[in-house]
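Trainee: I'd like a close look at one spot in this model, and then at whatever surrounds it. Could you walk me through it in one go?

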Amino acid sequence: MAGVVPRTNKAGEITSYQVKWRAPGGDGWQTERFDGDEEGLAAAEVFKSAVDEAGQNWPAGWVKGQGYIDPSAGDELRYRFDNWARECITNRTASKRYKDQRLRAVEVYLNPTFGNCDVRSTEHFSKATVAAWVNLMKQTKVKRGSKLKVMSSETLRGLHGLLSSILKEATVTEPPLRDRNPCDLTMLPKDDERGVGDEESTDEMEFMTPEEVAGLIACFPRAEDRMMVRTLYGTGLRWGEITALAAKHVRSPKPGRYEVRVTRAWKRDTGPRPAPEYR
């Protein structure tokens with residue numbers, strides 16, 4: 001349930017009323033501020049009821065700091081972050097799986113903070129607001145395996161890059177909606193947590209030595225498996241690329257020298273699957 005919290009100054013005088021609530025599945029509080037007079041209190045109570053009716057979400061058509069926007073004002077609604085982000089990602093020349101993953105990330109990690117903000121606003125999107133979001137994400141726990149763990153720096157950098165790419169669209173559109181991208185001013189964690197194991201080691205990622213690779217290859221009894229490991233190590237191919245190779249993609253121009261030509265790769269099928277047939 002949302003609540004109305006009076007905000008006071010050092011003298012104990014009420015200067016504003018703040019509506020606070022937690023969005024479903026979101027980390028951290030969502031807030032909206034109203035004036036500290038009787039009219040502000042009445043408006044805060046009305047907004048609180050609207051949040052409760054919306055299931056602890058921002059009421060449809062409400063822009064933080066501005067209030068309700070006329071639904072007929074299509075351009076105004078277009079510049080609300082959740083709508084702008086969806087439009088930017090949908091228009092990208094990328095696979096459906098890529099778009100679905102980015103839209104999901106926007107819904108889970110960006111919209112709880114920025115969903116109702118205006119991409120044109122230097123108050124909604126500034127060095128300070130982006131930095132506050134980064135600090136919030138650094139404390140956010142995500143599911144890794146069967147456990148909930150603090151978000152890794154790599155994941156945070158990916159989310160920050162997604163936010164930056166969305167706001168960059170606002171700087172390069174014609175005419176530009178913003179002068180600059182506030183994400184360019186943000187300092188991100190420099191530690192690299194890729195490869196963190198159950199022991200929560202913070203050691204940086206290291207590449208295997210030829211001797212270590214030879215030891216790994218020796219663990220495989222089948223010759224074809226050993227060949228695959230050597231090929232992966234020598235080429236850096238991804239799993240979807242190496243498993244799509246055929247004999248025609250490999251040639252030996254000179255004795256002892258081999259070349260691999262990658263022309264295709266497997267991709268995950270996100271479309272509907274046909275129902276099984278029973279006979």
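Trainee: Let's start with C183: is this residue buried or exposed, and what is its relative accessible area?

Mentor: C183 is buried, at a relative accessible area of 3%; buried means under 20%, exposed over 50% and partly exposed in between, using a 1.4 Å probe on protein chains only. Some ground rules: this is a predicted model, so local features need pLDDT of at least 70 and side-chain atom pairs count only at pLDDT 80 or more, while totals for chains, interfaces and linings use all residues. Residues are numbered from 1 along each chain as its sequence is written, and side-chain values use heavy atoms, leaving out hydrogens and water.

C88 is buried too, at 8%. The structure holds 0 disulfides, counting a pair of cysteine sulfur atoms within 2.5 Å as one.

From C183, hop to G161: the two are 22 residues apart in sequence, yet their C-alpha atoms are 8.2 Å apart in space. G161 is partly exposed at 35% and sits in helix α6 (helices are DSSP runs of H or I, at least four residues, numbered from the N terminus).

Of its 29 residues, F81, L163 and I166 touch the most other members. α3 (81-90), α4, α5 and α6 each supply at least two residues, and the largest share, 7 residues, comes from α6. A second, separate core of 10 residues includes Y17, W21, F47 and V51.

Back to F81. Beyond its neighbours within four places in sequence, its contacts (heavy atoms within 4.5 Å) include L163, I166, F114 and F125. Ring pairs also link F81, F114, F125 and W133 into a cluster; rings of Phe, Tyr and Trp (its six-membered ring) pair if their centres lie within 6.5 Å, with planes under 30 degrees apart stacked, over 60 edge-to-face and the rest tilted.

W133 is one of the buried residues of α5, along with V130, V134 and M137. Seen down the axis of α5, they fall within an arc of 100 degrees, so they line one face of the helix; the arc is that of the directions from the axis to the C-beta atoms. Their cover includes α4 (96-114) and α6 (153-172).

Key
Core = buried A, V, L, I, M, F, W, Y, C linked by side-chain atoms within 4.5 Å.
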